[in-house]
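Thanks for coming, everyone; I would like to take a few minutes to walk through one model. Please have the structure open while I talk.

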There are 2 protein chains.
Amino acid sequence: MSLIVQKFGGSSVANPERIKRVAQRVASYQKAGHSLVVVVSALGDTTDDLLELADKISKNPSSRELDMLLSTGEQISVALLAMALQELGVDAISFTGYQVGIRTDSTHTKARIIDISSDRIIRELKNKKTIIVAGFQGTNKNQDITTLGRGGSDLTAVALAKALKADTCEIYTDVDGIYTTDPRLVHDAQKIERISYEEMLELASSGAQVMQSRSIEVAGKYNIPLHVRSSFSTNEGTWIVKEDKSMEDVLIRGVSVSKNEAKITVSGVPNKPGIAGKIFRTLSDAGINVDVIIQNIGKAVSTDISFTVPRNEADTAVTLLKKVADESGIKEVTKDPHIAKVSVVGIGMRSHAGVAAKMFEILGKNRINIEMISTSEIKISCVVKLASADKAVKLLHQEFELNKKKK
Amino acid sequence: MSLIVQKFGGSSVANPERIKRVAQRVASYQKAGHSLVVVVSALGDTTDDLLELADKISKNPSSRELDMLLSTGEQISVALLAMALQELGVDAISFTGYQVGIRTDSTHTKARIIDISSDRIIRELKNKKTIIVAGFQGTNKNQDITTLGRGGSDLTAVALAKALKADTCEIYTDVDGIYTTDPRLVHDAQKIERISYEEMLELASSGAQVMQSRSIEVAGKYNIPLHVRSSFSTNEGTWIVKEDKSMEDVLIRGVSVSKNEAKITVSGVPNKPGIAGKIFRTLSDAGINVDVIIQNIGKAVSTDISFTVPRNEADTAVTLLKKVADESGIKEVTKDPHIAKVSVVGIGMRSHAGVAAKMFEILGKNRINIEMISTSEIKISCVVKLASADKAVKLLHQEFELNKKKK
């Protein structure tokens with residue numbers, strides 16, 4: 001008999017039929033004797049519908065009012081799921097983020113959870129209730145409603161699992177686990193049975209979109225086992241757990257690709273101190289995240305700097321940097337939106353040399369030009385032409401033998 | 001410079017265009033220097049849409065979860081209206097019932113307001129904010145969300161007006177005031193300029209559906225002037241105020257009709273003590289409201305009792321009473337759904353004799369049979385055949401000279 005936190009995403013509760021199906025699954029756990037805290041996202045397209053409504057009224061609505069508006073989506077879901085469970089004879093009770101004491105800072109639309117005062121949930125669990133909690137939301141110290149940003153319901157689930165010392169946290173989604181690469185692209189991609197928090201974080205930040213990065217980070221920090229699985233089947237999914245010895249035997253856990261970046265090149269940067277600092281300070285002040293950075297020392301008096309930014313912010317970045325260029329004697333700022341970042345991830349590469357060399361050889365042998373490289377302890381990323389990206393993923397997946405079933 | 005509470009009903013905020021129009025009106029008051037607290041209902045059909053969603057999941061949802069669900073409707077409205085006001089440069093801020101401290105009892109779906117702790121509103125008014133409050137909702141002592149029942153946003157507005165000692169409470173609706181009778185039925189019905197709380201209460205409870213009765217009651221108790229007016233024009237509407245001397249000069253203020261009742265007749269009731277008590281106890285236990293009651297002492301050993309109930313509860317009433325009949329030796333229970341209740345209302349009748357006689361004469365002369373009569377100090381109601389109801393209203397409206405413009 002354990003305490004389980006379950007999180008169901010928007011596609012799992014897209015309509016009344018699916019809500020009933022989720023209720024059946026929750027009920028089966030409850031009937032098996034488990035205590036349950038269920039976190040739910042907004043029904044299917046609700047959030048988009050609400051944003052559309054707001055857009056008809058204001059092109060630039062205040063973030064406080066946006067949070068007030070969007071948080072209703074999850075509130076609708078929890079009420080409906082509680083009703084569906086009650087229909088099945090389960091004593092369910094729904095709560096908003098506020099009601100279960102999810103306190104956040106005041107950064108509306110992407111607030112951070114500060115604290116959860118879980119008294120109410122604990123009391124209701126003692127009353128044998130099945131708890132349904134609205135994901136994605138909390139309140140700040142003024143009781144203003146805040147939301148946690150994209151994927152915020154994952155974070156609600158993980159934070160509750162931590163606060164309640166839950167045994168497991170199950171993340172239900174429309175895929176049945178984490179794959180060695182995107183199965184829509186590579187048909188013999190394999191479902192991963194167990195993956196470490198670190199590997200999952202690297203995969204998530206390099207293109208795999210199954211879970212929100214911050215929630216993996218928090219789960220890892222507090223060692224909360226996550227089970228990512230499908231809400232449409234009862235198959236085991238993927239466990240995201242603390243790294244153990246056996247995981248090191250696997251050289252590469254997965255291959256990911258990100259197609260949402262553009263490359264910016266700043267050429268003819270005078271070889272004087274402070275100019276690179278000025279470039280990245282300008283971008284950081286504008287809230288633009290810079291990813292891979294390389295610098296080519298070309299000539300004695302000047303150098304070229306290239307880096308990637310989210311593609312939808314590339315134009316802003318170029319505009320801003322052209323101003324810097326004018327002031328600093330930089331020759332040229334150009335962008336290339338037709339790039340992709342292909343990464344291989346695995347904690348095995350810590351103890352096995354030659355992974356990078358093998359990756360470069362595979363790409364080179366197949367005439368895929370590597371434009372930029374960046375590495376972490378357990379990840380190697382190569383920026384390639386967008387047109388070669390899918391081919392690169394397929395080759396890497398095959399050559400690193402990820403298509404073979406692991407024990 | 002005064003503090004004004006304004007309430008906008010669902011039809012006034014049915015879509016983004018109308019929300020913008022409401023925002024313009026609110027902004028014009030704000031720019032004229034008034035302090036404003038604006039109460040809003042759910043957008044047009046939102047509540048019905050949410051009920052339909054719930055109905056697909058449960059035929060008999062728990063009232064706590066229903067309140068959790070329905071309260072989102074008003075939350076959406078306040079966020080959107082605040083955004084629309086901000087677009088117009090007004091410093092608006094939206095609140096849920098909880099956030100402005102509207103505390104209720106725990107009678108979900110028809111909770112009563114116990115208290116308003118208005119600190120937050122007062123603080124924000126001092127900050128020169130325009131306050132937007134979700135109508136129809138509050139929370140009980142456990143922080144569970146409650147709703148106030150049909151017309152509950154009126155009550156929110158009146159209760160806030162009381163708590164904040166507002167100068168006026170404006171109720172915006174899709175009609176431009178209270179009329180001497182339904183203008184769709186009688187084309188020369190006149191808009192009433194001023195009406196007393198008591199008269200308005202009697203009109204509301206006898207068929208006029210402009211405002212919720214409880215909110216009129218509360219306004220009367222605390223002497224809060226209500227101004228019922230159209231959100232589609234700037235014309236003065238109807239003021240609902242404390243009775244004054246001049247109002248007594250008007251014999252009849254208005255004629256109302258209720259077509260939602262059915263007549264139940266229990267015949268051959270043995271002339272023994274306790275049987276009438278049993279009849280009405282049975283109905284009251286089933287939550288069925290009984291209105292007009294008459295008892296005909298027919299023969300020595302038995303009597304007939306007739307009364308009206310809401311038409312949609314007539315079948316339940318008959319079923320319940322047939323059981324009572326079997327146990328108590330009552331001969332027969334019958335219903336007549338084809339009736340209507342026509343009422344004349346006016347505080348003038350307190351000091352002017354003969355109003356009842358005149359009403360009966362008018363109906364009698366026109367061969368409209370009166371089936372039942374009930375009176376209060378300022379109202380006379382006659383139950384007539386449904387088919388004669390409209391004719392009765394027209395005749396009474398004309399004969400009591402309500403079609404003539406009052407000063």
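Predicted model: local features only at pLDDT ≥ 70, side-chain atom pairs only at ≥ 80, totals over all residues.

**Notes on a two-chain model**

Residues are numbered from 1 along each chain as its sequence is written, and chains are lettered from A and ligands numbered from 1 in the order in which they are written.

As to confidence, pLDDT is the predictor's own confidence in each residue, on a scale from 0 to 100, and for chain A its mean is 93, with 99% of the residues reaching 70 or more. The scores for the model are ipTM 0.86 and pTM 0.87.

Returning to A:Arg367, its place is the loop between helix H10 (355-365) and strand S19 (372-376) of chain A, where helices (H or I, at least four residues) and strands (E, at least two) are DSSP runs numbered from the N terminus. Most residues other than glycine have a negative phi. A:Arg367, however, has a positive phi of about 60° although it is not a glycine. B:Phe136 likewise has a positive phi, of about 75°, without being a glycine, and it lies in the loop between strand S6 (130-134) and S7 of chain B. With 30 C-beta neighbours inside 10 Å, B:Phe136 counts as buried.

A further loop residue is B:Lys141, which sits between strand S7 (137-139) and strand S8 (145-147) of chain B. B:Lys141 counts as exposed, with 10 C-beta neighbours inside 10 Å, and its C-alpha atom is separated by 7.1 Å from that of B:Arg103, a residue 38 positions away along the chain.

**How the chains are related**

How many residues does the contact take from chain A and from chain B? It takes 27 residues from chain A and 27 residues from chain B. On the side of chain A that touches chain B, helix H1 (16-31), helix H2 (46-57) and helix H3 (63-87) each supply at least two residues, and H3(A) gives the most, with 14 residues. By class, that side of chain A has 15 nonpolar, eight polar and four charged residues; here Ala, Val, Leu, Ile, Met, Phe, Trp, Tyr, Cys and Pro count as nonpolar, Asp, Glu, Lys and Arg as charged, and the others, Gly among them, as polar.

**Elements within the chains**

In chain A, eight of the nine residues of helix H6 (residues 197-205) are buried, so H6 is largely enclosed by the rest of the structure; the buried residues include A:Tyr197, A:Met200 and A:Leu203. H6(A) is followed by A:Gly207, whose phi is positive, near 130°.

In chain B, four strands form an open antiparallel sheet in the order S15-S16-S14-S17, where two strands pair if DSSP finds at least two bridges between them. Strand S15 (293-296) and strand S17 (332-336) of chain B stand at the edges, each with a single partner strand, so one side of each is left without a neighbour in the sheet. S15(B) is joined by four bridges to the antiparallel strand S16 (residues 302-310) of chain B, and B:Ile293 stands opposite B:Phe307 in S16(B).

Lastly, six of the seven residues of strand S20 (residues 379-385) of chain B are buried. S20(B) runs antiparallel to strand S18 (residues 339-345) of chain B, with seven bridges between them, and B:Ala340 has B:Val384 as its bridge partner in S20(B). Five bridges join strand S19 (residues 372-376) of chain B to S20(B), again antiparallel, and a hairpin joins S19(B) to S20(B) through two residues.

Key: Buried ≥ 20, exposed ≤ 12 C-beta atoms within 10 Å, placed from the backbone. Contact = placed C-beta atoms within 7 Å.
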